[in-house]
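Good morning. I will take a few minutes to walk through one structure. Please look at the screen while I talk.

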Amino acid sequence: MSSAAPLQWMELRADKSKTELVRTSETDWLVTSQSSGTARKPIERLGGDLARATSHVKFEPNKGFPRHTHTGGEEFLVLKGTWIDDYGSFPKY
């Protein structure tokens, strides 16, 4: 895993008129925060720290993101374990 610096403006596979295959198995994990125990693999992004983004995110056991908001919403697909937030507890699909 490599450490991620604050994000500058980024356009990564942001053109929705194109179809692209993204092989996250071939990309490195970017450490979101050592203290929060999270890492991600960017899939799509348009913007900087506040952005429209799609990422494959990995959490260490009993770790998570600090409370935050998004103006455009947020979606989760749980592949392993359970996602817990203010709205409930959601096991893997």
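I start with overall size. For 93 residues, a compact globule would have a radius of gyration near 12 Å, and the protein chain has 14 Å, which agrees. That radius is taken over C-alpha atoms, and the globule rule is 2.2 Å times the number of residues to the power 0.38. The C-alpha trace spans about 35 × 30 × 25 Å along its principal axes.

A word on what you are looking at. This is a predicted model, in which local features need pLDDT of at least 70, side-chain atom pairs count only at pLDDT 80 or more, and totals for chains, interfaces and linings use all residues. Residues are numbered from 1 along each chain as its sequence is written, and side-chain values use heavy atoms, with hydrogens and water left out.

Now the secondary structure. The protein chain has zero helices and seven strands. Along the sequence, the pattern reads β-β-β-β-β-β-β. Helices (H or I, at least four residues) and strands (E, at least two) are DSSP runs, numbered from the N terminus.

Next, burial and surface. Of the 93 residues in the protein chain, 18% are buried. Buried means under 20% relative accessible area, exposed means over 50%, and partly exposed is in between, with a 1.4 Å probe and protein chains only. The accessible surface comes to about 7,600 Å², and 53% of that belongs to carbon and sulfur atoms. Such areas come from the Shrake-Rupley method with a 1.4 Å probe; for residues, only the protein chains shown count as cover.

Charges are quick. There are 13 positive and 12 negative side chains, and the centres of the two sets lie 5 Å apart. Lys and Arg count as positive and Asp and Glu as negative, while His and the chain ends are not counted. Each charge is placed at NZ of Lys, CZ of Arg, CG of Asp or CD of Glu.

On to contacts, where contact means heavy atoms within 4.5 Å. Among contacts in the protein chain with a separation of 6 or more, 44% are between residues 24 or more positions apart.

Now the aromatic rings. How many aromatic pairs are there? The count is two. The rule takes rings of Phe, Tyr and Trp (its six-membered ring) and pairs them if their centres lie within 6.5 Å; planes under 30 degrees apart are stacked, over 60 edge-to-face, and the rest tilted.

Phe59 is partly exposed at 25% relative accessible area, whereas Trp83 is buried at 16%.

Another pair is Phe76 with Trp83, which is stacked, at 4.1 Å centre to centre and 25° between the planes. Phe76 is partly exposed, at 39%. Ring pairs therefore link Phe59, Phe76 and Trp83 into a cluster.

Trp83 also has a neighbour in Phe90, which touches Val78, Gly81, Thr82, Trp83 and Asp85, leaving out residues up to four places away in sequence. Phe90 is in strand β7 (residues 88-91) and is partly exposed at 37%. Phe90 and Val78 are twelve residues apart in sequence, and their C-alpha atoms are 7.7 Å apart.

Now Pro42, in strand β4. Beyond residues up to four places away in sequence, Pro42 touches Leu12, Arg13, Leu30, Thr54 and Ser55.

Arg13 sits in the loop between β2 (10-12) and β3 (30-33) and is partly exposed at 28%. Asn62 also is not a glycine and has a positive phi, of about 60°. Asn62 is in the loop between β5 and β6, and it is exposed at 84%.

Last, Gly48, in the loop between β4 (38-47) and β5. Gly48 is buried, with a relative accessible area of 11%. Gly48 and Glu11 are 37 residues apart along the chain, and their C-alpha atoms are separated by 8.9 Å.
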